[in-house]
Amino acid sequence: MKHPLRGGTALAALFLAGLTAPVLSGPAAAAPSGLSGDFDGDGYRDVAVAAPFAAAGGKAEAGQVSVVYGTASGPNPARRQVISQNTAGVPGSAEKGDHFGDRLATADLNRDGYSDLVVGAPREKAGSAEDAGTVVIVWGSKSGLSGGTTVKNPQTLYGSYFGLSIAAADFTGDGKPDLAISAQSDSGTSSWRIRLIRGPFGTSGTTGKVSSYTPGVDQPQLTAGRVGGDARADLVVTGRKPDGDRLATAVYYNGTPDGIGKAASLRTAQTAAIGDLNKDGYGDIVLGNPLDADRDPSGSTGGKIHIVYGTSSGPSATRRVLLTQNTAGVPDSAEAGDDFGEALAIGDFDKDGYGDLAVGAPGESFGDDARFLGSAGAITLLRGSSSGLTTTRAVFLTQDSPGVPGAAEAGDGFGYALLASDVGRDGRADLTAVADGENDPEGAVWHLPGATGTLYSTTASTTFGPAKAGLPARTYTAFGYDLAG
């Protein structure tokens, strides 16, 4: 069963009612690390795993988030918190169908040195307005995440789905992280808006100025990162054109001192990642369109990705590269339904200074006639270099790869969601990967530490399912629908 909001293609237990303190061991850091995704400030990034279909307080699909704290050996499910709207200090209450956790983001929004967790519940009811949506900040602290504050919805409407997508970054360059949030409006040629809420954010609910932008994209998905040569974050918006053809589309907004300004149209895409693949100091944009042409006229058999290289003034108008699984050096071959590009993540997995790219293809099928594995899923790892992304020594990663726990099975969907972050604090980015169909209906998460050569560790990789993360077993919770850290 797939989550109905996945990829913007459609709108789309139980633990303890209170916020359980994480089981933390060892002395806390003398001062908070200031790292994004480090909720307790101990220098190890943590991983938040969404389960927006999990029941909470007996309310079906109310949604929960499991936060697994980082250690030198990666995220440890024994050190976790499970958060819902029934958690002490978190605003609101769990209600049927809220989908709390549908979207996640991290940033130190109140600038106290501890990263905070931003949680979207796009189907939250506000008064009589069904599916108005809400966004909640859960605050980081020395003891982990504690307490929460609602981000005010500037226009509470039926079906506004406030929080459908969230990006946290400093778009204005003033040193105060901002929030960009997708929502519907009741005016304009396209009803979808981006609400930019400037920092700083206070625990009492105070924020900076709020602005609204019309991206010309339906169900906009937001990805933040620095592309140009200034200190401001930029925003890539992916989704569908608001016309009858429903083509995938992507738009780039550059950060400005007063918010964001539309700068360029990009190639068709439903997913995006931003990172420096060639170590020139500019962020490069990777765009994914996982759909075949029969599902999206702008698609390609098996899916495709575009790399748009960054320059001092933003995305290059000329240096743009298309890759599919039929490109020389890319492992395997393009087949209908592979969904190559469904998930993307950029991180320096081998610590050579160049960003590397992980591409999820959860629909990938492989095996011989005796062991045909439909939609087992795969992840392709591509290396960064001085000349940009290269297909040389690419890695084709499945659950049958050396050192990866488990075994590839039909329907696993390995590579459904990806996150690159240095959890183990060794200077290498680690890959967190989701197989949404693993042990159907549960889903599972893999921690694949970065390594020289193979780009992932063949000896230290681990996996855990919802039961180890404090969520119900043998139940569909959309475990791993989104990741943050």
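Me: How many bridges join β24 to strand β25?
Reply: Happy to start there, keeping in mind that this is a predicted model, where local features need pLDDT of at least 70, side-chain atom pairs count only at pLDDT 80 or more, and totals for chains, interfaces and linings use all residues. Residues are numbered from 1 along each chain as its sequence is written, and side-chain values use heavy atoms, with hydrogens and water left out. Strands are DSSP runs of E with at least two residues, numbered from the N terminus, and two of them pair if DSSP finds at least two bridges between them. β24 and β25 (residues 430-435) run antiparallel, and the number of bridges joining them is 6.

Me: Which residue in β25 is the bridge partner of Ser 421?
Reply: β24 covers 414-421, and β25 covers residues 430-435. Across the two strands, the bridge partner of Ser 421 is Asp 430.

Me: Which strands stand at the edges of the sheet?
Reply: The open sheet has 4 strands with antiparallel pairing, in the order β24-β25-β26-β27. Two of the strands each have a single partner, so one side of each is left without a neighbour in the sheet. These edge strands are β24 and β27.

Me: What is the angle between the ring planes of Tyr 213 and Tyr 253?
Reply: A search of the whole structure finds 5 aromatic pairs; rings of Phe, Tyr and Trp (its six-membered ring) pair if their centres lie within 6.5 Å, with planes under 30 degrees apart stacked, over 60 edge-to-face and the rest tilted. Tyr 213 and Tyr 253 have ring centres 6.4 Å apart, and the pair is edge-to-face because the planes stand at 70°.

Me: How many residues apart in sequence are the parts that this Tyr 213 and Tyr 253 pair ties together?
Reply: Tyr 213 lies in strand β11 (residues 210-213), and Tyr 253 in strand β14 (residues 248-256). Both residues are buried, meaning under 20% relative accessible area with a 1.4 Å probe, protein chains only. The separation of the parts they tie together is 40 residues.

Me: Which residue lies over the face of Tyr 309?
Reply: A charge sits over a ring if NZ of Lys or CZ of Arg is within 6 Å of the ring centre and within 35 degrees of the ring normal. One such case has Arg 425 over the face of Tyr 44, at 4.1 Å from the ring centre. Over Tyr 309, at 3.9 Å from the ring centre, lies Arg 319.

Terms used: Buried means under 20% relative accessible area, exposed over 50%, partly exposed in between (1.4 Å probe, protein chains only).
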